[in-house]
Protein chains: 2
Amino acid sequence: MGKQITSRGEDYSQWYIDLVKKADLAENSDVRGCMVIKPYGYSIWEKMQQALDKMFKDTGHENAYFPLFVPKSMFEAEEKNAEGFAKECAIVTHYRLKNDPNNKGKLMVDPTAKLEEELVVRPTSEAIIWSTYKKWIQSYRDLPLLINQWANVVRWEMRTRLFLRTAEFLWQEGHTAHATAFEAIKETEKMLDVYAEFAETFMAMPVIKGKKSEGERFPGAIDTYCIESMMQDGKALQAGTSHFLGQNFAKAFDVQFTNKEGKMEMVWGTSWGVSTRLMGALIMAHSDDDGLVLPPKLAPIHVVIVPIFKNEVELMKISEQADIISKELRSKGYAVKFDNRETHKPGFKFAEWELKGVPVRIAIGPRDLDNKTVEVARRDTKEKQVMMMETIASEIPGLLDRIQENIYQKALAFRSEKTTRVETYAELKKVLDEKGGFVEAHWDGTAETEAAIKEETKATIRCIPLDAVEETGSCIYSGKPSARRVLFARAY
Amino acid sequence: MGKQITSRGEDYSQWYIDLVKKADLAENSDVRGCMVIKPYGYSIWEKMQQALDKMFKDTGHENAYFPLFVPKSMFEAEEKNAEGFAKECAIVTHYRLKNDPNNKGKLMVDPTAKLEEELVVRPTSEAIIWSTYKKWIQSYRDLPLLINQWANVVRWEMRTRLFLRTAEFLWQEGHTAHATAFEAIKETEKMLDVYAEFAETFMAMPVIKGKKSEGERFPGAIDTYCIESMMQDGKALQAGTSHFLGQNFAKAFDVQFTNKEGKMEMVWGTSWGVSTRLMGALIMAHSDDDGLVLPPKLAPIHVVIVPIFKNEVELMKISEQADIISKELRSKGYAVKFDNRETHKPGFKFAEWELKGVPVRIAIGPRDLDNKTVEVARRDTKEKQVMMMETIASEIPGLLDRIQENIYQKALAFRSEKTTRVETYAELKKVLDEKGGFVEAHWDGTAETEAAIKEETKATIRCIPLDAVEETGSCIYSGKPSARRVLFARAY
């Protein structure tokens, strides 16, 4: 079908790029670092959005919308946050173009339309949102404030990669305000759980919940929680973060409330987000050398039906059966595509729908009509089986559930296989170079050791797992005491 | 309840601003011209989005996402479009901030991080999208291309007004590509019909479909179609536009295709959009001096239940009944709020939910428990009636349908009353000054006459209605011949 992609073994990076482009998920635009999300890719993102949005609402959150621009003086109010993002901000300085007098038909920035104060295109919205919360919060009755926003943000990345790292990306950012530290920490943990549940249930991607080390924290947070996933090349990918902000933003924007006793207190905050980066994670967690493998819960098309025919009469008869099956499946809420194009051969269609990751393919030929059968192929295992036409529609839901489960189990087994416990620094380096994956090792808790290991091995501490067992050990690097193992990996 | 709003009679503009703020729909942000859409306002916008998105998909369109930024050279490629938006563009010129050496803790734009080419924050996306379509379209088999995008756009407006005119706003923009002019015009008309159906069916807002005069066309379009609605102050509001772009953007970006005969041809295009401006239209079309009046199909809460109680025992008994009613209504797909706050009196709650436009209020007191009744109040007519508790849940769906229909009929009757046919320029001026509304009058079709009337009366030609009767007449201004009447009005 002329849409070959590089194999993973040959060049994993190129495989990823080929797959993203040839499965029509996204492409680079003519704007530096910005991508175009193509309809098929966007429809997967929409499925993610719908599932997450429902989970957010079910946990009491409401959506709202805040400005794209942040005035510089507001942006710099929380110093650590500002410092963390200052080097990668798009800055609006003018508000008008005019005709270029030296270049007919061309435009130039109008120097007379310079802004008094520059505007930062939001890299994240804590500043603009907390400056608004100051107006919304007076009393303990106004708390908690549980708000989410679906938006685009811009971070001027130097090296970009479709979905994984782009200058503009789409995301959701939750921003909540609470009366107590306890409540805010509970919220931070609750949203981490929501992300983990989403990743595992919808994306079929097992994740490890943990806390970031100080060096990897969100700028302006007291604590950053994360979910970490394992890609097929043995590199880790951070799939979502949830931050306990303490009172940092409340202090920066003077957001206080009157408590039940009538006294003024600073508000406590959280923020949490996942982005179109999840698309990259989804692709790299499950797909193979033939293309995308989609978990049914996020597949825009669940079942494709491909007719095998030599003439119009055969196509007509097959179409009748395909219609019956489609109708029944659609009534159960599944998306079905009947690929009756006469311009392409079945083999081409098989390859195309495999590339696009449709979980189940049904092929119907003239002999199937005689036998009242269909051929059913699973995308995940490539297994084919002959099934009865009469019962196929009632078999599909169970089959899709099994595919969803199998994809998850496969990723889980892969991660287990790629998780290694080591006792020495030499072992860590050996595992990273020869096997990859997560490495569980003792660490003395200092930024110096973390930085040294990163410098020497390119591996970072992905997280301190929430379920890490308390055990006495000694740091693989410094030999100093350690109370628990942390997770090292090279990462995206 | 301390949330009084100015009456429409006293000051219509202030009434609108008060209502938007006090019903928690939106507020001005600290960013010039940009608004914050608050959760309640956003939940109405979400209902609009859902309904429109389904209508777009049902008519064969897919969603995608294109970059926020447009490089200046790309922006200026279609000259008329560029000229039309150049004066109101936010321009990104730098990509980094740095510490200000003269001002500790403050940041400044890093002069060494100046972009080689400035980026325009999209005021509309024709340029970036057609530059992408060039890569996507080679053959007639790639057409039609039917794509929609939900996005934020920025137009640097000098005078802003919540929802109606803001520097940043949210919208959807459809961009389609076709093999023939005929198909593109059909698409333009089809999407105008979709907008009209949405406005009338969901927003309960009657609209007039028409074409814009040359002077009011979208920059870069051959023809602009629009839907025009009438607000309660007698001013018109353009609620949506659909543009036939001809081959203007195809030519600007050299988008050609090989036709069935193997010859190269330029592609034909359309674009169409509605924005958060619809929120302003919705508010101004129906609301009254007590607050918002929402058509049930766009109401985030359909029914609010307010208990009338003196003590805990009464509240408990009322709650049991409220739960039964709520459960039954929710199972039918309606959103129900049981307002059991003990901190506020029923009168306060009544006023608050009226302000927020909840279509139906159910009050339950101790006597109702004895009588097995409830008191039902309609937001639109303010009528109250006593109904039986047992049948209330089965009565509500019909009641909501009648409310939806009544709101529409009321707006339709208002528009009819505010539509006047005139034969002379003196009459036009008199009607505009004394009565307002739409004025049907003959016009000679020239830009000069249109400009003169606008200059002298502040009224513009809203549209040439698609259903305008062909009749010979003479222009009210110039006396020259005219073939049909057009619609004049002062407008938002």
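**A helix and the interface**

Mentor: In chain A, helix α13, which spans residues 425-434, has as its buried residues A:Leu428, A:Val431 and A:Leu432 (buried means that 20 or more other C-beta atoms, placed from the backbone, lie within 10 Å of the residue's own, exposed that 12 or fewer do, and partly exposed is in between; helices are DSSP runs of H or I with at least four residues, strands runs of E with at least two, both numbered from the N terminus). Because they cover an arc of only 100 degrees around the axis, they lie on the same side of α13(A) (the arc is that of the directions from the helix axis to the C-beta atoms). All this is read from a predicted model, in which local features need pLDDT of at least 70 and side-chain atom pairs count only at pLDDT 80 or more, while totals for chains, interfaces and linings use all residues. Residues are numbered from 1 along each chain as its sequence is written, and chains are lettered from A and ligands numbered from 1 in the order in which they are written.

The other side of α13(A) carries exposed residues, namely A:Ala426, A:Asp433 and A:Glu434. Over the buried residues of α13(A) lie, among others, β22 (419-421), β23 (438-442), α14 (447-457) and β27 (485-489) of chain A, and just after the helix A:Gly436 takes a positive phi of about 75 degrees.

Turning to the two chains, 51 residues of chain A are in contact with 51 residues of chain B (contact means C-beta atoms, placed from the backbone, within 7 Å). The side of chain A that touches chain B has 29 nonpolar, 9 polar and 13 charged residues, where Ala, Val, Leu, Ile, Met, Phe, Trp, Tyr, Cys and Pro count as nonpolar, Asp, Glu, Lys and Arg as charged, and the others, Gly among them, as polar. Strand β5 (residues 91-94) of chain A pairs with strand β5 (residues 91-94) of chain B in the antiparallel sense over 3 bridges (pairing needs at least two DSSP bridges), and A:Val92 has B:Val92 in β5(B) as its bridge partner.

The same surface serves both copies, since 100% of the contact residues of chain A recur in chain B.
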